[in-house]
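I opened a notebook page for this chain.

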Amino acid sequence: MTRKEQKEERRQKILMTALTLFVDRGYHETKITDIAAAVPMSTGLMFHYFESKEELLLELVKMGAASTKAASGYGGAGGEGNADVEKMAQIPPHIYLEKFLGQLFSYAKEQPWVFNMFILMGQARRKGMPEEARQIALSVDAIDSTALMIKKGQKDGAFREGDAKLLSKCLWSSVQGIMEEMAMDKEMETPDPKWIMSIILK
């Protein structure tokens, strides 16, 4: 392993450690010395990678925001190429969403940090968190992009009638709760996406 690879591996270790501690203890209750001790490394060495706890949070929130691109890409808001957007737009919304949820749960089971990221993104939206990180967390548009899919599905007769944004919020609140439960209970089985989809299906 090259020195550059070692440095990147250590950087990722710091981020994942901070993510775990922010979720377990809370952002404000976690000290930079706690993160350094858990890595483990000296606090001085950690400052070579991240200048502050706020910078760590910001980097994690940026990671969380980037991970939503798959969800928002259906409506063309995720920044994918035109060919990818067109291909996704050809998939009926109810099929796309069900497959997306299935992939999300499966991936999170393989990569447990995803559960924690969902929790952290929810925490980062609250007042009292560092403002730059909070604004990035608030800018994540999974609810709005999913609402657009729901509107299309309503026209096609696949989704129940009702306010599309409210239905989207109910769907994502359910997903958020499931991710939080799975973060706490490592033995919890991955739920069937059809259960969650029943919230919006006709």
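**Entry 1: the chain**

I read the elements from the N terminus on, and they run α-α-α-α-α-α-α-α-α-α-α-α. I noted 12 helices and 0 strands in the chain. Helices (H or I, at least four residues) and strands (E, at least two) are DSSP runs, numbered from the N terminus.

I wrote down the ground rules next. This is a predicted model, in which local features need pLDDT of at least 70 and side-chain atom pairs count only at pLDDT 80 or more, while totals for chains, interfaces and linings use all residues. Residues are numbered from 1 along each chain as its sequence is written, and side-chain values use heavy atoms, with hydrogens and water left out.

I looked up burial. Of the 202 residues in the chain, 43% are buried. Buried means under 20% relative accessible area, exposed over 50%, and partly exposed in between (1.4 Å probe, protein chains only).

I then checked contacts, meaning heavy atoms within 4.5 Å. Among contacts with a separation of 6 or more, 63% join residues 24 or more positions apart.

**Entry 2: the core**

Which residues have the most contacts inside the largest nonpolar core? I found Ile14, Ile35, Val175 and Met179, in a core of 60 residues. Helix α11 (residues 164–184) gives the most to this core, with 9 residues. A nonpolar core here is a set of buried Ala, Val, Leu, Ile, Met, Phe, Trp, Tyr and Cys residues joined through side-chain atoms within 4.5 Å.

Neighbours within four places in sequence aside, Met179 contacts Leu104, Phe105, Ala108, Val114, Phe115 and Phe118.

I took helix α8 (residues 113–124) as my reference. For the geometry, axes are lines fitted to C-alpha atoms, for helices over the stretch in contact, and angles run from 0 to 180 degrees between N-to-C directions. Angles under 35 degrees count as roughly parallel, over 145 as roughly antiparallel, 65 to 115 as roughly perpendicular and the rest as oblique.

*With α1.* Helix α1 (residues 3–25) packs on α8 at about 60 degrees, and the axes are 9 Å apart. The two helices are therefore oblique to each other. I logged the crossing of α1 and α8 as left-handed. That term applies if the near helix is turned anticlockwise from the far one by less than a right angle; clockwise is right-handed. Met16, Leu19, Thr20, Phe22 and Val23 are the α1 residues in this contact, and they meet Trp113, Asn116, Met117, Ile119, Leu120 and Gln123 of α8. By class, I count 8 nonpolar, 3 polar and no charged residues between α1 and α8. The classes are Ala, Val, Leu, Ile, Met, Phe, Trp, Tyr, Cys and Pro as nonpolar, Asp, Glu, Lys and Arg as charged, and the others, Gly among them, as polar.

*With α7.* The axes of helix α7 (residues 93–110) and α8 come within 6 Å and cross at roughly 115 degrees. That makes α7 roughly perpendicular to α8. From α7, Leu104, Tyr107, Ala108 and Lys109 meet Trp113, Val114, Phe115 and Phe118 of α8. The class tally for α7 with α8 is 7 nonpolar, no polar and 1 charged.

*With α11.* The angle between α8 and α11 is about 125 degrees, with axes 8 Å apart. That makes α8 oblique to α11. Their crossing is left-handed. Val114, Phe115, Asn116, Phe118, Ile119 and Gly122 in α8 meet Trp172, Val175, Gln176, Met179, Glu180, Met182 and Ala183 in α11.

Is Asn116 buried or exposed? Asn116, in α8, is buried, with a relative accessible area of 11%. Beyond four places in sequence, Asn116 contacts Leu19, Thr20, Val23 and Ala183. I also checked Met182, 66 residues from Asn116 along the chain; the C-alpha atoms are separated by 9.4 Å.

Val23 lies in α1 and is buried at 15%. Val23 and Asn116 are 93 residues apart in sequence and 6.4 Å apart in space, C-alpha to C-alpha. Not counting residues up to four places away, Val23 touches Asn116, Ile119, Leu120 and Gln123.

I ended on Gln123, also in α8. Gln123 is buried, at 14% relative accessible area. Its contacts, with neighbours within four places left aside, are Phe22, Val23 and Met129.
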